[in-house]
Structures are given as C-alpha cells and as structure tokens.
Amino acid sequence: MFRGKAETLTNGPGMVRTMDRSFESPSVIRLIHMVKLPFAKRKLSKKEIFMRDRHTCQYCGEKRKDLTLDHVVPRRQGGKQTWENIVSACIPCNHKKAGYTPKEAGMKLLKQPRAPYPSPYYVLYGRAILEEWKPFVPWEI
C-alpha cells in the first residue's frame, strides 16, 4: 500500500505499527493492477474429498461425521487414487460395497465424482466471514 500497488477498502480492528508510522489495520484491500496467477490445483486428501461431497455418503445420501473414503473401482481391480475414483461413504455402505464396484454390489452413486472446480474463494470455505468482508464476497452467507 505504501508503494501504491494496493488501496485499502475497509479497515479492521487494531493498528499496525512500524518504526516511524502507525496506521489502521486493513481488512480488505484492492490491487491497483491485476496480478493474474494460475489457480492452484486442489490436493487430493481425505478432508478435500469430504468437503467436495459435503460430508455426505455418496451411496445412501446420509450426512455423517464418521465417513470413510471408498474407491469406486477398487484398487485391486485397477482403480486409481484420483478425484474421479474416490468418494465419501458411511461405514455401513463401505462394508456393504466391500471390494466390489457399485454395480457388482448392487449400489448406486448419488453423483459421479469429479475434481472440484478451481476457485479463488476456496480459501474462505468453511471459515467465518468477517462482517466487513460480506460486501466483497460473491455469495450469500
């Protein structure tokens, strides 16, 4: 902000102090010139799969806290460790499906798994949105 590359839109609580200055702590800033960065790919992890599937079993649709990961095509049948082959499953559904494909187990997926779309707002997912940020966030809270 001191170099003119960004401007403060909203100040947060508190002050920032340097050796020779004090100023209000910025909460929302805007870059003067757009810096275009490629979206980072989301890493495949248990937490990310659960967030993608909204903590819901992809076989029975039940929202649970004690979910497990399930390979749609089991690894022993050549299934890969990819976004498109891993879903959230409750323990009973995971045991019922066991080492079979959903078709072999007589089960159906609620939706086909896929990699989540990249989003610049991903860093805000599941976090408290400060009151002063709400006018700048593009969805309803």
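Biologist: Which residues does Asn-94 touch, not counting residues up to four places away in sequence?

Modeller: Contact means heavy atoms within 4.5 Å. By that rule Asn-94 touches Thr-68, Leu-69, Asp-70 and Ala-89. This is a predicted model, where local features need pLDDT of at least 70 and side-chain atom pairs count only at pLDDT 80 or more, while totals for chains, interfaces and linings use all residues. Residues are numbered from 1 along each chain as its sequence is written, and side-chain values use heavy atoms, leaving out hydrogens and water.

Biologist: Where is Asn-94 found, and is Asn-94 buried or exposed?

Modeller: Buried means under 20% relative accessible area, exposed over 50%, and partly exposed in between (1.4 Å probe, protein chains only). Asn-94 has 18%, so it is buried. Its place is helix 2, residues 91-97 (helices are DSSP runs of H or I, at least four residues; strands are runs of E, at least two; both are numbered from the N terminus).

Biologist: How many residues has the largest nonpolar core?

Modeller: A nonpolar core is a set of buried Ala, Val, Leu, Ile, Met, Phe, Trp, Tyr and Cys residues joined through side-chain atoms within 4.5 Å. Here the largest has 12 residues, among them Phe-50, Ala-89 and Cys-93. Strand 4 (residues 86-90) gives the largest share, 3 residues. Phe-50 also has contacts with His-55, Leu-67, Thr-68, Leu-69 and Ser-88, not counting residues up to four places away in sequence.
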